[in-house]
Amino acid sequence: MSLPLIRLAIGPTNGTAHHGILLDAQPLTACATHSPDLAPIAENTAHSPCQSCARARLILTTPPHPGGEPDARPAAGTGPSATAHRPIPGHLLGYCGKPLEARRSSARRVCANCTRLSEALDRFRQRAGDLVLPEGEPCHGDDTLLWAPKGRANLVTGHRRNSVTGNAYCERQLAGPNPGAPNECAPCRRHWEEAEVARQTYTLPHMQAQAADWENRTLDVFDDRASSLRSGDAYALSGCADVHFVVAVADRGGESHTDLLVYLPAEDRIADIRVRRDRLVTVQRPASAPSVKPSVS
């Protein structure tokens with residue numbers, strides 16, 4: 001019998017949330033945390049995520065990079081002979097959580113924290129058997145998704161998220177998705193519709209022309225993390241067959257994700273996409289592109 005990967009916590013509404021299974025009615029976590037009081041919880045709660053379990057979920061649900069990945073990479077900012085880290089599939093992120101270089105490691109010494117999570121996850125897989133895994137992070141999010149304001153004071157009214165600022169179109173700070181909101185913030189809706197008209201009128205025709213001329217350009221092709229993307233690039237990543245043409249980038253360094261405005265030729269539309277900063281992507285960059293990284297204001 002296949003068991004689903006679920007969220008587990010001691011408290012029903014707060015505390016630390018783990019990923020794991022119920023094996024013979026007993027909780028088993030991916031990070032090897034043991035407690036008989038762990039019980040299933042819903043997907044959208046205010047629990048603090050266990051970072052080891054969060055990385056374990058990425059390991060389990062992210063397809064490997066199409067071009068292949070080495071068994072070990074050095075940490076970002078270190079040499080190839082520095083301590084070797086095991087990379088999470090499809091990410092420049094170690095099992096231990098450290099950002100990694102794109103190159104292969106030649107070191108014999110292996111990160112103890114990477115080894116610890118790797119061994120814990122191997123034991124978890126052996127005991128869990130054939131897991132029913134949730135889908136990985138969607139590449140193309142729902143542009144119409146409504147969000148809850150920070151503080152969760154009002155879950156009845158949903159807000160539209162502005163990917164450039166990271167806040168709602170009405171400038172309120174946001175806590176997370178709120179797809180069940182029965183009402184929509186009127187100012188958010190108005191500003192979003194104005195932005196959508198500009199995208200359809202100006203941005204879409206411009207990107208259609210750029211994509212049509214793409215094969216005629218001299219391109220540099222290389223692997224890097226998503227936070228390195230610039231306006232004017234195209235990229236591909238594991239788990240998605242589409243080419244993504246980058247219109248604009250809003251990378252807020254303190255956040256775990258980079259917000260991108262992209263053109264998707266396969267769907268012929270402009271879309272907002274959130275991708276993890278350490279996601280491994282194959283970048284296509286015009287050889288004449290400037291070295292200065294543009295910003296979105």
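Trainee: Which residues in α2 do Ser 52, Arg 55, Ala 56, Ile 59 and Leu 60 in α1 meet?

Mentor: This is a predicted model, in which local features need pLDDT of at least 70, side-chain atom pairs count only at pLDDT 80 or more, and totals for chains, interfaces and linings use all residues. Residues are numbered from 1 along each chain as its sequence is written, and side-chain values use heavy atoms, with hydrogens and water left out. Contact means heavy atoms within 4.5 Å, and helices are DSSP runs (H or I, at least four residues) numbered from the N terminus, as are strands (E, at least two). The α1 residues meet Leu 117, Leu 121 and Arg 125.

Trainee: What is the handedness of the crossing of α1 and α2?

Mentor: The axes, lines fitted to C-alpha atoms over the stretch in contact, come within 11 Å and cross at roughly 65 degrees. Angles run from 0 to 180 degrees between N-to-C directions. The crossing is right-handed.

Trainee: Which residues have the most contacts inside the largest nonpolar core?

Mentor: Such a core is a set of buried (under 20% relative accessible area, 1.4 Å probe, protein chains only) Ala, Val, Leu, Ile, Met, Phe, Trp, Tyr and Cys residues joined through side-chain atoms within 4.5 Å. The largest has 24 residues, and β3 (16-23), α1 (51-61) and α2 (112-128) each give two or more. Those with the most contacts inside this core are Ile 21, Leu 121 and Phe 124.

Trainee: Which residue in β3 stands opposite Leu 8?

Mentor: Strands pair if DSSP finds at least two bridges between them. Strand β2 (residues 6-9) and β3 pair in the antiparallel sense over 3 bridges. Opposite Leu 8 stands His 18.

Methods: Buried means under 20% relative accessible area, exposed over 50%, partly exposed in between (1.4 Å probe, protein chains only). A crossing is left-handed if the near helix is turned anticlockwise from the far one by less than a right angle, and right-handed if clockwise.
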